Amino acid sequence: MSEKLIHGHALFRERYFNKKLIRQLAAEGQKPWALYIGCSDSRVVPELLTSSGFGEIFVLRNIANFVPQKAHTDASVGAAIEYAVRHLKVPDIVVCGHYGCGGVKAAVDRLKGLERDTELTEWLQGVLPAVEQARKHGHQGEALWRAAVEENVLDALANLITFDAVSEALDAGKLAIHGWVYDLAHGRVRVFDAEKDAFVDPIGGG
Ligand SMILES: [Zn+2]
């Protein structure tokens, strides 16, 4: 299996390594235009979804693209946020969930069957409030799963503001935060529109 990865790396060397940009970035450092927080799911590839190249997005991925509140955070999440906002000074943060998210589904199923997975169980506790919120809206089945994915993104946006680095940058007008949901089946992102209180298609065109 790792041979496939090594072969892929050989292709990378052939195609990209000698490009001037890579050497320039190595020499001059990074100045990404966004912090992207997304799920680890292998089907949701941030650079491909956004046509981003080297040095363009600073990426944090974890199970179910979750951002805990600062008081309950995993240090790796908080560290990535502080570094991206205070040191790289990214102007935007995107939290991108996705329909079909296995982490959110586990939370919808009340973490059944995960008894031996203590770390996973602990992490997914954070997703449970989003599921409860979706249930309160009366959703069931597939619709509940989709609504929980969306609520989980909104929770992440709310929790981002509990980090001083984020709230200070927002107050200073130097940062904007955005909620996205990627639809696996249609290869399309929906963006949260606060005025409409809904995730909408930002591009259109069928
Ligand atoms: Zn996922």
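This is a predicted model: local features need pLDDT of at least 70, side-chain atom pairs count only at pLDDT 80 or more; totals for chains, interfaces and linings use all residues.

**Salt bridges.** I count a salt bridge when a side-chain nitrogen of Lys or Arg is within 4 Å of a carboxyl oxygen of Asp or Glu. Residues are numbered from 1 along each chain as its sequence is written, and side-chain values use heavy atoms, with hydrogens and water left out.

How many salt bridges does a search of the whole structure find? I got 5.

I looked up R43 and found it in a salt bridge with D41, with 2.7 Å between the closest N and O atoms. For exposure I call a residue buried under 20% relative accessible area, exposed over 50%, and partly exposed in between (1.4 Å probe, protein chains only). R43 is partly exposed at 48% relative accessible area, and D41 is buried at 15%.

Next I checked R86 and E168, whose side chains meet in a salt bridge at 3.4 Å, N to O. R86 sits in helix α4 and E168 in helix α9 (residues 164–171), so this pair ties together parts that are 82 residues apart in sequence. My helices (H or I, at least four residues) and strands (E, at least two) are DSSP runs, numbered from the N terminus. R86 is partly exposed at 36% relative accessible area, and E168 is partly exposed at 46%.

Then I took D201, which forms a salt bridge with R188; their closest N and O atoms are 2.4 Å apart. D201 lies in the segment after β6 and R188 in strand β5, so the pair ties together parts that are 13 residues apart in sequence. D201 is partly exposed, with a relative accessible area of 29%, and R188 is partly exposed, with 23%.

**Sheet.** R188 took me to the strands. I found D183 standing opposite R188 in β5. Strands β4 (residues 176–183) and β5 (residues 188–193) run antiparallel and are joined by 4 bridges; I take two strands as paired if DSSP finds at least two bridges between them.

In what order do the 6 strands of the open sheet run? I read β2-β1-β3-β4-β5-β6, with mixed pairing. Why is one side of β2 (57–62) and of β6 (198–200) left without a neighbour in the sheet? Both stand at the edges, each with a single partner strand. Neighbouring strands here are turned by 30 degrees against each other on average, direction ignored. Axes are lines fitted to C-alpha atoms, for helices over the stretch in contact, and angles run from 0 to 180 degrees between N-to-C directions.

I also found helix α4 (residues 75–87) packing on the sheet, where it touches β1 (34–39), β2 and β3 (92–98). Its direction makes about 170 degrees with that of β2. Contact means heavy atoms within 4.5 Å.

**Leucines.** Is L114 buried or exposed? I find it buried, at 13% relative accessible area. L114 is in the loop between α5 (102–108) and α6 (118–124). Leaving out residues up to four places away in sequence, I see L114 touching A106, L120, T121 and L124.

L21, in helix α2 (residues 20–28), is partly exposed at 43%.
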